[in-house]
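This report walks a new reader through a few parts of one protein model. Please keep the sequence and the structure in view while reading.

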Amino acid sequence: MVQRRSFIPAFSLPLGVYDLELGEDFNSDLITFIDSLRQDTGNAQRSSVGGWRNEGNFFAQQNEAVQTLRRACIDVALGYLQECAANLPPEGRAEIFGWANWNGKGHFNTPHRHPGWDVCGCYYVRQPDATDMKSGSIEFLDHRNIPKKQLRLGGPVYSQSIELRPKPGELVVFPPMVSHWVPPNQGDDPRVVIAWNLNLENK
Ligand SMILES: [Fe+2]
């Protein structure tokens with residue numbers, strides 16, 4: 001009888017999806033707050049084509065919902081790193097930088113990575129109510145140049161891309177090395193996401 005000694009997901013790019021269970025009222029409060037920022041402040045577009053992104057660190061906003069989300073994202077990020085068997089500093093603190101994205105019809109984000117950070121995430125506040133599954137999805141792209149023949153095997157190891165369509169209230173967590181993009185929103189409803197980067201700091 002064969003006994004497995006280990007199975008190492010070597011050099012993997014784990015994608016975690018978490019339900020934060022903060023409730024619909026929480027997301028409504030967040031939408032109201034983000035919309036007020038959108039009306040009153042500038043647009044710091046980066047990888048987004050069309051759409052709006054707040055300037056500065058979203059998590060510095062002194063708003064109850066924002067601060068609740070900030071704490072939840074840090075907790076999940078630390079749990080994600082533990083699952084990755086990462087070396088966590090015993091008395092480390094986390095620095096988190098977030099931004100709100102508001103993407104309307106036709107808006108999208110070009111492929112990019114998040115260099116210089118330890119772990120990244122996106123919290124979905126609102127998703128377009130479109131029948132087209134591409135609207136509201138995020139696609140992660142492989143950079144290993146997997147030979148075409150092996151693509152028939154599929155699954156997370158033998159694929160070139162993985163597409164997720166998170167529900168409102170869900171948080172996607174991923175490593176900074178994985179390229180990803182957001183297909184154009186085909187619906188009339190906006191896609192509203194809080195994206196963030198986190199670094200562990202030694203005390
Ligand atoms: Fe991103």
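Which residue takes a positive phi just after helix 2? That residue is A85, with a phi of about 60°; helices here are DSSP runs of H or I with at least four residues, strands are DSSP runs of E with at least two, and both are numbered from the N terminus.

The model is a predicted one, in which local features need pLDDT of at least 70 and side-chain atom pairs count only at pLDDT 80 or more, while totals for chains, interfaces and linings use all residues. Residues are numbered from 1 along each chain as its sequence is written.

Helix 2 has 20 residues and spans 29 Å from its first C-alpha to its last, close to the 28 Å expected, where the expected span is 1.5 Å times one less than the number of residues. Its buried residues are A65, V66, L69, R70, C73, A77 and Y80; a residue is called buried if 20 or more other C-beta atoms, placed from the backbone, lie within 10 Å of its own, exposed if 12 or fewer, and partly exposed in between. Seen down the helix axis, these buried residues fall within an arc of 135°, so they line one face of helix 2, the arc being that of the directions from the axis to the C-beta atoms.

On the other side of helix 2, E64, R71 and Q82 are exposed. The elements that cover the buried residues of helix 2 include strand 1 (16–19), helix 1, strand 4, strand 6, strand 9 and strand 11.

## Strand 11

V192 lies in strand 11 and is buried, with 25 other C-beta atoms within 10 Å. Leaving aside neighbours within four places in sequence, V192 is in contact with I31, I34, W102, V125 and R126, contact meaning that the C-beta atoms, placed from the backbone, lie within 7 Å.

Strand 10 runs antiparallel to strand 5 (residues 108–112), joined by 2 bridges, and N109 has V182 as its bridge partner. Strand 10 also pairs with strand 7 (residues 138–141) in the antiparallel sense over 3 bridges, with F140 opposite H180; two strands count as paired if DSSP finds at least two bridges between them.

Conventions. Contact = placed C-beta atoms within 7 Å.
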